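Look at the structure first, then read on.

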Amino acid sequence: FIVPVSNVLFPRFSALVHAADTTRLADTYRVSTRLLGAIVFPAAMLLAVFPGEIIQAITGDSETARNASAVLPLLAIGTALHGIMHIPYALQLAHGMTRLPLFVNTLLILVVLPLTVTLAWLYGAVGGAAAWLAMNAFYFVLGTWITHRHLLKRMGLAWVTREVGVPFAVSALVGSAAKYLPWGSDLSLFGRLAYGVGHALLAVVLIIIASPRLRTIAVQRSLGPTFRPH
């Protein structure tokens, strides 16, 4: 999901930068972030809340699922944060600012290598996965700050709290309900997976409902090009 979205956004951002259309650039940046968040955060929630079920369904081995279930949530959440940062990355490249991602990635390499080795040595696979999550959390904070220090200034806080924060919070709340409410506790393996997928889809729907622009896009897609919002 992440790479195709970023591949579409980069030329779109580039065209808007070339046209000096800052208003539409900012709007596209916000909407694309919310749209990607509506995909990656519910997917990460599904992997984080039902790791054992997913691994067992793929491998058919309950022991493997039990041993690896602590690793998958860390990898999933870290990958979701990494994915959402493709939007600022595409914005940087559209402005021709290749030094920013080079600086950030160099710094991340210097941080993540000793961190991964240390945590993996101390805690095994869980430590290595925790290093991935920590690196991407650091990348999210640092990359956002650096991007909005130079581009679309004064948008950074709103981008974090609204465009990223809303889909993340909705997914976390729905995932918490799926994990701690007893509705799916007596289901079979594939029943629990269906239960989890249903909650992930519910998170997608709630994120769209909470996003006026995504609601408009969804209605336009459903009713056709003749629909015009009032």
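## H9 against H10

In this predicted model, H9 and H10 pack with their axes 9 Å apart, at an angle of about 150 degrees. Angles over 145 degrees count as roughly antiparallel, so H9 is roughly antiparallel to H10. The crossing of H9 past H10 is right-handed.

Which residues make the contact between H9 and H10? From H9 come Pro167, Val170, Ser171, Val174, Ala177 and Ala178. H10 supplies Tyr195, His199, Leu202, Ala203, Leu206 and Ile207. By class, the contact of H9 with H10 has 10 nonpolar and 2 polar residues, and no charged ones.

## H2 against H10

H10 spans residues 189-209, and H2 spans residues 22-49. H2 and H10 pack with their axes 9 Å apart, at an angle of about 160 degrees. That angle makes H2 roughly antiparallel to H10. H2 passes H10 in a crossing that is right-handed.

On the H2 side, the contact uses Arg34, Gly37, Ala38, Pro42, Met45 and Leu46. On the H10 side, it uses Gly196, Val197, His199, Ala200, Ala203, Val204 and Ile207. How do the residues of the contact of H2 with H10 divide by class? There are 9 nonpolar, 3 polar and 1 charged.

## H1 against H2

H1 covers residues 2-18. The axes of H1 and H2 come within 10 Å and cross at roughly 175 degrees. H1 is therefore roughly antiparallel to H2.

In H1, the residues that meet H2 are Ile2, Val5, Leu9, Arg12, Phe13, Leu16 and Val17. Their partners in H2 are Arg24, Leu25, Thr28, Tyr29, Ser32, Leu36 and Val40. The residues of this contact divide into 10 nonpolar, 2 polar and 2 charged.

## The largest pocket

The largest pocket has a volume of about 240 Å³. It is lined by 15 residues, and the closest to its centre are Met45, Ala48, Val49, Ile77 and Ala172.

Which elements give two or more residues to the lining of the largest pocket? They are H2, H5 (71-84) and H9 (156-180). H9 gives the most, with 7 residues. By class, the lining of the largest pocket divides into 11 nonpolar, 3 polar and 1 charged.

Technical notes. Residues are numbered from 1 along each chain as its sequence is written. This is a predicted model: local features need pLDDT of at least 70, side-chain atom pairs count only at pLDDT 80 or more; totals for chains, interfaces and linings use all residues. Side-chain values use heavy atoms; hydrogens and water are left out. Axes are lines fitted to C-alpha atoms, for helices over the stretch in contact, and angles run from 0 to 180 degrees between N-to-C directions. Helices (H or I, at least four residues) and strands (E, at least two) are DSSP runs, numbered from the N terminus. Angles under 35 degrees count as roughly parallel, over 145 as roughly antiparallel, 65 to 115 as roughly perpendicular and the rest as oblique. A crossing is left-handed if the near helix is turned anticlockwise from the far one by less than a right angle, and right-handed if clockwise. Contact means heavy atoms within 4.5 Å. Ala, Val, Leu, Ile, Met, Phe, Trp, Tyr, Cys and Pro count as nonpolar, Asp, Glu, Lys and Arg as charged, and the others, Gly among them, as polar. On a 1 Å grid over the protein atoms alone, a cavity is a set of points where a 1.4 Å probe fits but cannot get out, and a pocket is an open set with protein on both sides within 12 Å along at least five of seven lines; lining residues have an atom within 4 Å of a point. Grid points are joined across faces, edges and corners, and a volume is the space filled by probe spheres set on the points.
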